[in-house]
Amino acid sequence: MNRIEQRFRELREKRETAFIPYITAGDPSLEQTARIVHALEAAGADVIEFGVPFSDPVGDGQVIQEAAQRALNKGATLRKILALIGAMREKTQVPILLFSYFNPILAYGMEAFARDAAKAGADGVLCVDLPPEEAGEYKAALDANGLCTVFLMAPTSSDERIELIARHCTGFIYYVSRMGVTGERAALAADLGEVLERIHRHTDKPVAVGFGISTPEQAHQVAGLAEGVVVGSALVRLIATLGDVKDMPDKVQAFARELVQAAKGRQSRR
Amino acid sequence: MYALSELEDAYAKAKEDTAFQEMLSGYLKTYVGRPTPLYFAQRFTEHLGGAKVYFKREDLAHTGAHKINNALGQCLLAKRMGKTRVIAETGAGQHGVATATACALLGLECDVYMGTEDMERQALNVFRMRLLGTRVLPVDSGSKTLKDAINEAMRDWVANVRHTHYCLGTVHGPHPFPLICRDFQSIIGRETRRQLAEVEGRLPDVMIACVGGGSNAIGLFFDFIGDGSVRMIGVEAGGTQIAPGMHAARFAGGTVGMLQGAMSYVLQDENGQIGTTHSVSAGLDYASVGPEHAFFFRSGRIEYTHASDAEALEAFQCCAKLEGIIPALESAHAVAHAMKLVPTLGRDQIVIVNMSGRGDKDVQHASRFIALEEENKG
């Protein structure tokens, strides 16, 4: 069974919320990315989102834009990222979700990408700028290779679209908590609980909430409402602030541990 | 997606609404100054010694370019949708100025994203926009040009869609933008057909337009797509040479990719990272091209070629001296191709060149490239 689906199944039995950290692969270097992954796993991460750097990340705020640029400057490519996952699979079974824009996947070739990603040991893909309506060929390729397809759901999604997106998602559904791009926000959306209730009326697939969650307090709040909490920019910013130094992964781990405790310190909604 | 379907629905309704269409036509006539003339360029024609050349004078539209056709249409649409704020991206500043103008006219709040590199190159247009009551928001990411301004406008739009309309300036971006912009620009071709019928009593043989995103080209061509006898040529920016980073000729150096919500030809590397571009003209300096152009490129209905910086600058001067018309550097690419093609055609042929914008904005920029000969020596 796919590692992402397996993990959510286990968490459901334990009534625990998934902690899903996002990192930009290749920032500050692919070697450090491997160390950060091990640190996050040791901290208790359930699924790790591997951001594939892209030159024009329209869905991202400044923190992740800059991280992507640094990774590209260091020579990170989708091909090298898959090779890194392949190498890491000798030591870790942590579920990995690739978080990418469509163009690098298209350039790689959808079939070849799905095959190579599965072979390397990735477990799923979230393609930020590909709505399910346009994803026929892409989804078929991923399905055929046993990879989860995660799509974004937004606060503006209608009931009709919630159903459509839910139907296309495997593994889990990614709910964008706030209108806008990735990045830290002072407060969660006031109607978050309400919207998640509405989504859960349409689907029993797990829902993870991301975009704008940056503190243990926020993670704790979300934990009671959803099945997963994604933290991205806060981690990416910490990695950038610490820089390419030896003990950076340890410090990232310490912060991730706080987030894990916050997310797990509360029973999930079911 | 919500924003796009909301826009698609609103536009479909507006398109069928005669009151909306009449309001738009009224503004186009009394405010923009349409129809723009179809002008027989006699001295230019004599100089080239081939086909008869007509200029479609979009440079005479209010704000000095065809951009106002789309900006005004979209701003009226935004108002109809109950949006109170309009955002736009701009490269050379023409679309930014057009949007700022339409917003001033209609009493809408307006913010325009512009790369800091372009703000420097087009300082005058920055001032014009501010004068019109628009905020110009500098974009310092990536290549600091048009592509990055679009990224930033899209980021703004997804965050503020409930009260904001994104007035995209060309036939690019996600559906329905290419369709909406093409519809608003296709008045150029409809007028041309009527005007040429009046003076020549027939269809043109060749039509030439520059292609950045491709809105002026599709605007001129679209009405003639079904007229098989009419040859259509889109001219891209050849820059200094067709090598990575030195041009913006997507059909010459690009491959199929997806950028900013549209699948089309894109200048990119083998890993799908978007390439840098170069053109003497900021309005053609973009890594992708409208998806409908990609469609017509594939079908063969429209031919695409490119003109270099040097050729465009030569056409810029030639047109000024022979016709007293200073073309925008973008439009100068179309003029440059006409200068190559027209001498090879018979005198009974008719060529239309879309003079998509006027060159006042480019005078300072061009002066750096052109070593003006000292005239009237003795």
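**Where does B:Pro176 lie in chain B?** B:Pro176 is in the loop between strand E6 and helix H9 (177–185) of chain B; helices (H or I, at least four residues) and strands (E, at least two) are DSSP runs, numbered from the N terminus. A cis peptide bond joins B:His175 and B:Pro176, with omega about 10 degrees.

Before the other views, a few words on reading them. This is a predicted model, in which local features need pLDDT of at least 70 and side-chain atom pairs count only at pLDDT 80 or more, while totals for chains, interfaces and linings use all residues. Residues are numbered from 1 along each chain as its sequence is written, chains are lettered from A and ligands numbered from 1 in the order in which they are written, and side-chain values use heavy atoms, with hydrogens and water left out.

**View 1. Another cis bond, at B:Pro35.** Here a cis peptide bond joins B:Arg34 and B:Pro35, and omega is about 0 degrees. Look for B:Pro35 in the loop between helix H2 (18–32) and strand E1 (38–40) of chain B.

View 2. B:Lys144 is not a glycine, yet its phi is positive, near 60 degrees. You will find B:Lys144 in the loop between E5 and H8 of chain B. B:Lys144 counts as partly exposed because its relative accessibility is 29%; buried means under 20% relative accessible area, exposed over 50%, and partly exposed in between (1.4 Å probe, protein chains only). B:Gln260, also not a glycine, has a positive phi of about 50 degrees and sits in the loop between strand E9 (255–259) and strand E10 (262–266) of chain B. With a relative accessible area of 6%, B:Gln260 is buried.

**View 3. B:Thr164 and its contacts.** This residue belongs to strand E6 (residues 164–166) of chain B. B:Thr164 counts as buried because its relative accessibility is 1%. Not counting residues up to four places away in sequence, B:Thr164 touches B:Lys83, B:Arg85, B:Ile87 and B:Trp157; contact means heavy atoms within 4.5 Å.

**View 4. A:Ala120 in helix H6.** A:Ala120 lies in helix H6 (residues 110–120) of chain A, and at 11% relative accessibility it counts as buried. The C-alpha atom of A:Ala120 is separated by 8.2 Å from that of A:Leu84, 36 residues apart along the chain. Setting aside neighbours within four places in sequence, the contacts of A:Ala120 are A:Leu82, A:Ile85, A:Gly86 and A:Arg89.

**View 5. The largest nonpolar core.** A nonpolar core is a set of buried Ala, Val, Leu, Ile, Met, Phe, Trp, Tyr and Cys residues joined through side-chain atoms within 4.5 Å. Of the 110 residues in the largest one, A:Phe172, A:Tyr174, B:Leu77 and B:Tyr166 touch the most other members. Helix H4 (residues 67–80) of chain B supplies the largest share of this core, seven residues.

**View 6. The largest cavity.** A cavity is a set of points on a 1 Å grid over the protein atoms alone where a 1.4 Å probe fits but cannot get out, and lining residues have an atom within 4 Å of a point. Grid points are joined across faces, edges and corners, and a volume is the space filled by probe spheres set on the points. The largest cavity holds about 360 Å³ of space. Its lining has 30 residues, and B:His66, B:Lys67, B:Gly283, B:Leu284 and B:Glu330 are the closest to its centre. By class, the lining has eight nonpolar, 17 polar and five charged residues; Ala, Val, Leu, Ile, Met, Phe, Trp, Tyr, Cys and Pro count as nonpolar, Asp, Glu, Lys and Arg as charged, and the others, Gly among them, as polar.

**View 7. The second largest cavity.** About 120 Å³ of space lies here. Among the 17 lining residues, A:Tyr174, A:Thr182, A:Phe211, A:Gly232 and A:Ser233 are closest to the centre. Strand E9 (228–231) and helix H11 (233–242) of chain A are the elements that give two or more residues to this lining. The lining of the second largest cavity has nine nonpolar, six polar and two charged residues.

Conventions. On a 1 Å grid over the protein atoms alone, a cavity is a set of points where a 1.4 Å probe fits but cannot get out, and a pocket is an open set with protein on both sides within 12 Å along at least five of seven lines; lining residues have an atom within 4 Å of a point.
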